[in-house]
Each structure stands twice: as C-alpha cells, then as structure tokens.
Amino acid sequence: MKYLTFSILLFLGATVLISSCKEDDEPCIETIWYEDADDDGLGNPNVSRVSCDQPDGFVADNTDPNDTGIASTPLSAFDEFNPDAVTVSFDGNEITIESNGVPNHTSPYWEETHPLYIERVVAVAQTPGRINDTRSYSLTVSNTPELAANGTVTGLGPIGIAVSGVPIFNDTEGPNNPLEEMIAETLDYAGAHNGPSGYHYHIESFDVPENTLLSHNDEKLVGIMSDGFLIYGRKEADGSYPTDLDESGGHFGTTLHSNGEEIYHYHIINEYYFGNVVVLFGGEIQGTPNDIF
Ligand SMILES: [Zn+2]
Ligand SMILES: [Zn+2]
C-alpha cells in the first residue's frame with residue numbers, strides 16, 4: 001500500500017513537473033525595457049534590458065534625453081526664438097542667447113518709415129526714442145539650471161530675453177519706481193516701450209488684432225529668464241491655468257517643449273497688476289541669475 005501511494009505521488013509530481021516545463025517552454029514575447037532612473041515615466045535610450053516582463057525601474061519608453069533627475073532645458077524651445085534677432089549657441093553644458101533686441105512685430109516705436117511701423121493701438125503716449133538695431137544682449141545659462149537656496153530680487157535692465165529678441169524688464173521703471181498708470185500708458189500692444197537701454201517689455205501683450213505673435217492669456221513660450229528657466233504664458237500646454245505656482249510664477253511640470261519631462265519653468269502670473277495690465281515677471285529669480293549684457 002505504501003508503495004502504491006508513493007507511485008501515485010511520483011506520478012502526480014511528474015505530471016506537475018511536465019506541465020510546468022511546458023509552461024516554461026511557451027514562447028514569451030521579449031521586449032526592450034529602458035531604465036527610468038528619475039521616475040518620470042520616460043526611459044533612458046542608453047540603458048536597456050530585454051525581458052518578457054517589465055523589470056522594476058524600467059519602462060517601454062526610450063525618449064528621456066536626461067535621466068539623471070536633473071532636468072535639462074528642452075532645446076526645441078529655442079526654435080521659437082526670432083531667428084532674425086536671436087542667435088543661440090551651445091557649448092558643452094552652456095547655452096548662449098544673443099540678441100540685437102529688434103522685434104519681429106509691429107509697433108508705434110518703429111521709425112515711421114519702417115515697414116513694421118503702425119499707429120498707436122493701446123498706447124496713449126510714447127517714451128522718447130525709436131527701435132533701432134544698435135543693441136546687443138548676451139545671456140549665457142546652464143542647460144541644467146537648478147533652483148537656488150534663495151530667490152534673487154531683480155534689478156533695472158534686462159532680466160530675460162523674449163522669443164522676439166526683445167529684453168524682458170521687471171515691474172519697475174527706474175529705482176524704486178513701480179509701474180504706474182502713466183508709465184503703462186506708454187506701453188504698446190506688445191507691452192513694451194523705449195528707454196535709454198532700448199525697446200523692452202514690461203507686461204503681457206494685449207489681445208488686439210495687430211497682435212499675431214506674442215503670448216496673450218495662452219500657453220505660448222514667452223522667453224528665457226536670466227537664470228536659464230523658460231517662461232511661458234498664463235496657461236499650461238493643455239489650456240488650463242496652473243494652480244501650484246510659487247510667488248515668481250514658477251513650478252515643476254511638463255511644457256510644450258519638455259517632451260513629457262517635468263521641468264521647472266515660469267508662467268506669466270494670471271493676475272492683473274492694475275486695470276488690464278498683467279506683468280510679465282514681477283517676482284524674484286528662483287535660480288541663479290546670470291548677467292545680460
Ligand atoms: Zn521701461
Ligand atoms: Zn507650467
């Protein structure tokens with residue numbers, strides 16, 4: 001009897017063994033998996049494994065150009081800059097943005113003989129001077145900008161370069177002189193006027209038919225700030241308003257250019273400064289500011 005039981009057990013065991021062997025032999029579909037070290041859902045094209053099942057920390061995607069956790073500035077953003085005014089060059093981990101400050105849009109600040117000259121649309125007065133091409137602005141930033149321990153208060157002069165090539169100024173006009181209605185009345189529909197250092201933006205552009213290029217209450221790229229972080233319009237790429245912005249309008253998230261990767265970037269804060277005036281950038285620089293000279 002003992003012997004019989006043993007035989008049955010042996011038989012059952014053999015059956016299980018055979019069937020499990022069969023399972024092992026079944027062909028599985030091997031897939032290439034890519035490492036996702038920064039856990040953003042995007043994989044590193046240079047680190048891969050081939051297996052049937054998804055290994056821990058690996059994903060099917062292979063489009064993460066920077067999987068170290070330190071996000072790099074998406075280079076496709078620079079395609080948005082006005083090539084007639086702006087030259088972008090790359091050297092190792094540095095990006096240099098050079099501009100002659102000459103916009104590619106209409107303005108009453110052009111010489112009246114210039115093809116882009118128009119009569120005033122929103123400005124009721126003008127500051128002295130006209131747009132000319134004798135300016136030169138240069139900004140060199142890291143392609144992996146990082147937040148600084150403390151913010152930096154912005155000063156007079158350029159604090160960023162807009163996609164048009166025109167420098168971005170803050171919410172003051174002269175030392176301790178915040179933008180006020182009389183100054184705002186000199187701003188054209190682009191949110192710019194002329195000053196001793198040239199034509200420059202202070203505020204978001206206006207929604208007028210003449211405005212065909214500049215961000216107004218949308219998701220467009222506005223430019224790059226002196227710390228190397230990009231600045232976008234009031235909205236996210238999906239058309240929603242961001243709800244988690246810091247006091248400078250910055251947050252981590254995906255953008256039109258970041259290919260699904262979360263990067264720190266600024267937005268124009270969806271808030272009226274006074275009247276219908278929305279300031280481009282009135283907060284502190286959250287990274288390490290570089291000189292624009
Ligand atoms: Zn100004
Ligand atoms: Zn955003």
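**Disulfide, zinc site and pockets**

At 42% relative accessibility, Cys28 falls in the partly exposed class (buried is under 20% relative accessible area, exposed over 50%, partly exposed in between, using a 1.4 Å probe and protein chains only). The model is a predicted one, where local features need pLDDT of at least 70 and side-chain atom pairs count only at pLDDT 80 or more, while totals for chains, interfaces and linings use all residues. Residues are numbered from 1 along each chain as its sequence is written, chains are lettered from A and ligands numbered from 1 in the order in which they are written, and side-chain values use heavy atoms, with hydrogens and water left out.

Cys28 pairs up with Cys52 in a disulfide, with 1.5 Å between the sulfur atoms; the cut-off for such a pair of cysteine sulfur atoms is within 2.5 Å. The count by this rule is 1 disulfide. Cys28 sits in the loop between helix H1 (2–25) and strand S1 (31–35), and Cys52 in the loop between strand S2 (44–51) and strand S3 (58–59), so the bond ties together parts 24 residues apart in sequence. (Helices are DSSP runs of H or I with at least four residues, strands runs of E with at least two, numbered from the N terminus.) Cys52 is also partly exposed, at 28%.

Turning to the metal, the zinc ion (ligand 1) has Glu173 (OE), His193 (NE2), His200 (NE2) and His202 (NE2) as its protein donors, 2.0 to 2.1 Å away. Donors here are N, O and S atoms within 2.8 Å of the metal (3.2 Å for Na, K and Ca), and water is not among the atoms, so sites may look incomplete. Along the chain, the donors are spaced as E-x19-H-x6-H-x1-H. Glu173, in the loop between strand S8 (167–168) and helix H2 (181–184), and His200, in strand S10 (residues 198–201), are 27 residues apart, so this pair links distant parts of the chain. Glu173 is partly exposed at 22% relative accessible area, whereas His200 is buried at 2%.

As for open space, the largest pocket has a volume of about 300 Å³. Its lining comprises 22 residues, with Val163, Leu213, Leu214, Ser215 and Leu221 nearest the centre. (A pocket is an open set of points on a 1 Å grid over the protein atoms alone, with protein on both sides within 12 Å along at least five of seven lines; lining residues have an atom within 4 Å of a point.) The second largest pocket holds about 250 Å³ and is lined by 19 residues, among them Ile70, Ala71, Phe252, Ile263 and Tyr264 nearest its centre.

Note on methods: On a 1 Å grid over the protein atoms alone, a cavity is a set of points where a 1.4 Å probe fits but cannot get out, and a pocket is an open set with protein on both sides within 12 Å along at least five of seven lines; lining residues have an atom within 4 Å of a point. Grid points are joined across faces, edges and corners, and a volume is the space filled by probe spheres set on the points.
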